[in-house]
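Subject: Structure handover

Hello,

Here is the structure I promised to pass on. Please open it first, then read my notes below.

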Amino acid sequence: MASKVVDLRSDTVTKPSEAMRAAMAAADVDDDVVGVDPTAHRFQSEMAALMGKEAALFVPSGTMGNLISVLVHCDVRGSEAILGDNSHIHVYENGGIATIGGVHPKTVPNNPDGTMDVDRIVAAIRHPDLHYPTTRLICLENTHGNCGGKCLSVEYIDKVGEIAKAHGLKLHIDGARIFNASVALGVPVDRLVKAADSVSVCLSKGLGAPVGSVIVGSKDFIDKARILRKTLGGGMRQVGVLCAAAHVAVRDTLGKLADDHRKAKALAEGLKKIKHITVDPASVETNMVFFDIIDPRISPDNLCQVLEQHNVLAMPASSTSIRFVIHYQISDSDVQYALTCVEKAFEELL
Ligand SMILES: Cc1ncc(COP(=O)(O)O)c(CN[C@H](C(=O)O)[C@H](C)O)c1O
């Protein structure tokens with residue numbers, strides 16, 4: 001049994017590095033609600049430049065980053081946002097855009113590659129009618145979490161951006177893993193999000209920061225976002241402590257994402273050799289591996305429970321599938337150990 005836990009539940013599970021902890025301890029801070037925390041200010045400027053946008057705002061979570069972005073774009077009651085039926089905003093954020101923001105979600109089916117058919121996006125846009133909400137926003141997700149970490153191409157994003165502009169709409173990208181997409185596609189991140197009016201970027205996923213996300217957009221957008229963040233209770237005081245760690249995460253971990261993708265591919269190739277599993281290694285584009293259990297006698301919960309006894313942590317993705325997520329604190333030997341444990345688990349269960 002491994003002495004340490006091999007945690008494949010998500011790329012949100014990393015522990016801050018020593019460099020992050022040192023930066024947190026040494027951070028130059030101030031009250032960011034009353035004035036501007038100098039470390040937060042520097043980090044926000046750094047992220048705006050990296051993403052090719054005018055301004056940026058540090059927020060406590062990706063969920064709040066998406067909520068604030070949607071609410072800034074949909075600031076009139078009776079607004080409607082077009083988004084994927086399998087998107088994180090629609091599936092995993094407690095319906096916050098509706099329950100808190102009064103924004104009506106108009107879902108369009110997500111394709112297996114994470115896109116929504118552009119003709120179905122156009123068909124979802126409301127024409128003026130006193131029976132209808134008013135469409136104000138289109139949301140994309142890149143990479144797409146529920147579609148296996150698939151990347152949306154820059155051509156697709158530009159096309160949706162053209163549609164948004166042609167109809168007087170805004171475009172938001174849930175870019176929780178936008179850097180994974182940028183690295184996998186070989187497209188600079190500022191080019192990848194050029195067509196977007198706003199992007200929410202998770203620092204606490206593959207980049208390995210302990211907390212937080214950053215939203216980027218125009219100065220006017222970020223000024224409005226700052227007010228909404230305060231409204232939602234997200235105004236933070238000496239937040240430079242968190243921004244210092246996030247700065248180190250971008251500096252130190254961005255360059256490791258390609259290796260995460262390599263390990264994910266290796267994991268999928270290894271799973272393919274296990275007879276009780278179906279998995280398509282060719283479908284692995286970034287750091288996520290989804291596989292199906294063939295034998296109906298074994299549920300994903302059963303398998304996860306036995307894996308946990310071997311110190312391998314994973315999460316069910318559906319009634320028949322499991323999700324493994326690679327992050328920079330998973331080594332090649334951890335991948336091999338996890339594969340061994342999956343085989344042992346089936347032996348123990350069958
Ligand atoms: C695409 C996307 N957008 C937003 C979020 C929300 O980020 P947080 O609110 O957890 O910081 C997540 C988190 N994703 C988490 C994970 O993958 O383990 C869970 C599912 O919430 C996400 O995957």
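A residue is called buried if its relative accessible area is under 20%, exposed if over 50%, and partly exposed in between, with a 1.4 Å probe and protein chains only. Helices (H or I, at least four residues) and strands (E, at least two) are DSSP runs, numbered from the N terminus. This is a predicted model, in which local features need pLDDT of at least 70, side-chain atom pairs count only at pLDDT 80 or more, and totals for chains, interfaces and linings use all residues. Residues are numbered from 1 along each chain as its sequence is written, and side-chain values use heavy atoms, with hydrogens and water left out.

Start with strand S3, residues 79-84. Six of its six residues are buried, so S3 is largely enclosed by the rest of the structure.

Which strands flank S3? Strand S5 (residues 134-141) runs parallel to S3 and is joined to it by four bridges. Ile82 has Ile138 of S5 as its bridge partner. Strand S4 (residues 104-108) is also parallel to S3, with five bridges between them. There, Gly84 stands opposite Val108. Two strands count as paired if DSSP finds at least two bridges between them.

These strands belong to an open sheet of seven, ordered S2-S8-S7-S6-S5-S3-S4, with mixed pairing. Strand S2 (55-59) and S4 are the edge strands, and each pairs on one side only. From one strand to the next, the twist averages 20°. Angles run from 0 to 180 degrees between N-to-C directions; axes are lines fitted to C-alpha atoms, for helices over the stretch in contact.

Further along, strand S6 (residues 170-175) and strand S7 (residues 198-202) run parallel and share four bridges. Asp174 is partnered by Ser200 in S7. Helix H3 (residues 62-73) lies across S2, S5, S6, S7 and strand S8 (213-217), at about 170° to S7. Helix H10 (residues 219-231) packs on the sheet too, touching S2, S7 and S8, and its direction makes about 20° with that of S2. Contact here means heavy atoms within 4.5 Å.

The four-stranded sheet

A second open sheet has the order S9-S10-S13-S12 and antiparallel pairing. Strand S9 (277-278) and strand S12 (315-316) are at the edges with a single partner strand each, so one side of each lacks a neighbour in the sheet. Strand S10 (residues 288-293) and strand S13 (residues 321-325) pair over five antiparallel bridges. Phe291 has Ile322 of S13 as its bridge partner.

Helix H13 lies across S10, S12 and S13, at about 40° to S13. H13 (residues 300-309) also packs against helix H14 (residues 332-349), at an angle of about 115° and with the axes 9 Å apart. Asn302, Leu303, Val306, Leu307 and Gln309 of H13 meet Cys341, Val342, Ala345, Phe346, Glu348 and Leu349 of H14.

Helix H11

Helix H11 (residues 240-253) has 14 residues. From first C-alpha to last it reaches 19 Å, close to the 20 Å expected at 1.5 Å a residue. That expected span is 1.5 Å times one less than the number of residues.

Which residues of H11 are buried? They are Gly240, Cys243, Ala244, Ala245, Ala246, Val248, Ala249, Val250 and Thr253. Their cover includes helix H1 (18-26), helix H2 (38-51), S2 and helix H12 (257-272).

Best wishes
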